[in-house]
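Reader: I have a new model open and would like to talk it through with you. Shall we take the ligand and then the domains?

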Amino acid sequence: MNILFASSEAHPLIKTGGLADVSGSLPRAILGLRHDIRVIIPAYREILRYAEHLTLAAYLDLEGVSQPVRILSGRLPGGNVKLYLVDSPSHFDRAGNPYTSRSGSPWPDNAERFTVFCRAIHALAVNAAGLDWQPDIVHCNDWQTGLVPVMLRETSAAPASIFTIHNLAYQGLFDWKTFQSLKLPADWWSVDALEFHNKFSFIKGGLIYADWLTTVSPTYADEICTPEFGYGLEGLLNHRKETLTGILNGGDYTIWNPGRDLHIPVQFNPRSLFHKTENKRALQEHFSLPVDNAVPLFAVISRLVEQKGIDLILEILPDLVKQNAQLVILGSGDNKLEAALRLASTRHPEHIGIHIGYDEVLAHHIEAGADIFLMPSRFEPCGLNQIYSLRYGTVPVVRSTGGLADTVVDTTPETLEDKTATGFRFHTASASALWGAVERALDHYRKPESWAQIVITGMRQDFSWKRSAQQYVELYARVMARQQNAQPLRKTVIQ
Ligand code: ADP
Ligand code: GLC
């Protein structure tokens, strides 16, 4: 099959979160299954600096863009996946991250930027870019690609589309004036189309018009059909339940493997766990914490946002300190959370180490050196860090939601007995429930035998991309077959 994989970020070219990890790894796994999958992302400034051997593949004249948009072609680093970059300098060649300026506020022209991106994806999808290649499937990811399924629905002989929800909390909502300025078909502004509570919703484009919906874990697929997690879209998602599948993300063990990780001071595996201690020592030194192997070392690597339950961690800090535990935190995001964490670390320099910012090498080092990983997310579509933590023998303490529930097996007398325990789970999003799980973890930490068993069972879990990639490929085939039968229903060509 020919697949065009559209995403607004892809590791290692550009990353703000797990979407980049998925877009960097899943296409490689699908290519490994011998399908012609090509990735398309915007040509942000950072990518143009980093990417090598790019060639000019096409010029596109897109509606609403005064300059021709260039399609650059290359390879996604670290593999052989073909890459297309949508190069529209006035939209993407600027300092800052894909969605926000350096000060952290969303780019005021985000709607226009990602409409241009969607138009370019559509042009490639219908083989109108002169590349002499047409996908059978367009795999769209998150709201930034949400208009593509609508555009495809309105095009004759278009490929089928799949829309993957990585996080329903981000919907790409814009006001009426912005909608008007985009010069999209007027009938898209309707509750049955892309209007949502008097806003123009990019994500609805995917949710209504894609031939199939997926999300990144089976539990999250169920959760988003409920009012608690559905943000008012649960009715629509329930309506599409027959065409909504949860496929668990994988961990890329070519990047996240403690046995081969060159970012960490000492490599280790389940048979050489004693080397993990050396990483712990180096991590304690890095954060100027007292070097002591007996002290339990907790870690957090996260976007510092409400989703991740960072406030719950702040609430349990006094208890962690009382227990003489240590905590290292790597993250950035909400100013208030950043400030509160900074303050805590100033107050308790012997217990709390903090690095505000984004640092990939440090993220690896933390996974390698910490004992326990905290992820008390209010919701978590999949979550990748708990998957990496398992592989690095850093026992996850997680809230039982989304992909966290699907990847971590709680420690109970039964799961210890049958040797399936890999971490600690709690249910209610409260500091006391989190503390309950932390106390259980600390209890086991003090029993070296059961701790070693939990650590090693976690390290031996296999969440590699292979199985998930196979599931996507099966879905692509199914959707293609379905679409061929439905083809006569499609509308005529739009410009
Ligand atoms: P989300 O996509 O919601 O942020 P995930 O757990 O799916 O959550 O993915 C987060 C990814 O981003 C992981 O690869 C994690 O290591 C990385 N990450 C998050 N914050 C930082 C940071 N401050 N520095 C380095 N890597 C980070
Ligand atoms: C989103 C989710 C996260 C998921 C990632 C990749 O950012 O918040 O849970 O792992 O996408 O799918």
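Predicted model: local features only at pLDDT ≥ 70, side-chain atom pairs only at ≥ 80, totals over all residues.

Reader: Which residues come nearest to ligand 2?

Author: There are 14 residues around ligand 2. Those that come nearest are His166, Asn249, Glu380, Cys382 and Gly383.

Reader: How far is an oxygen atom of ligand 2 from an N or O atom in the side chain of His166?

Author: A polar contact requires N or O atoms within 3.5 Å. For the side chain of His166, the distance from such an atom to an oxygen atom of ligand 2 is 2.6 Å.

Reader: Now the domains: how many residue pairs are in polar contact across the interface of domain 1 and domain 2?

Author: Domain 1 covers 2–251 + 466–484, and domain 2 covers 270–462. Between them about 1,500 Å² is buried, with 56% from carbon and sulfur atoms. Salt bridges between the two number 0. The residue pairs in polar contact, both at pLDDT 80 or more, number 9.

Reader: Which helix gives the largest share of the side of domain 1 that touches domain 2?

Author: On that side of domain 1, helix H1 (18–32) and helix H8 (218–223) each supply at least two residues. The largest share is 4 residues, and the helix they come from is H8.

Terms used: Residues numbered from 1 in each chain as written. Chains lettered and ligands numbered in written order. Heavy atoms only, no water. Domains from an automatic or database assignment. Buried area = accessible area lost by both parts, 1.4 Å probe. Salt bridge = Lys/Arg side-chain N within 4 Å of Asp/Glu carboxyl O. Polar contact = N/O pair within 3.5 Å; in protein donor to acceptor, adjacent residues only side chain to side chain. Near = heavy atom within 4 Å.
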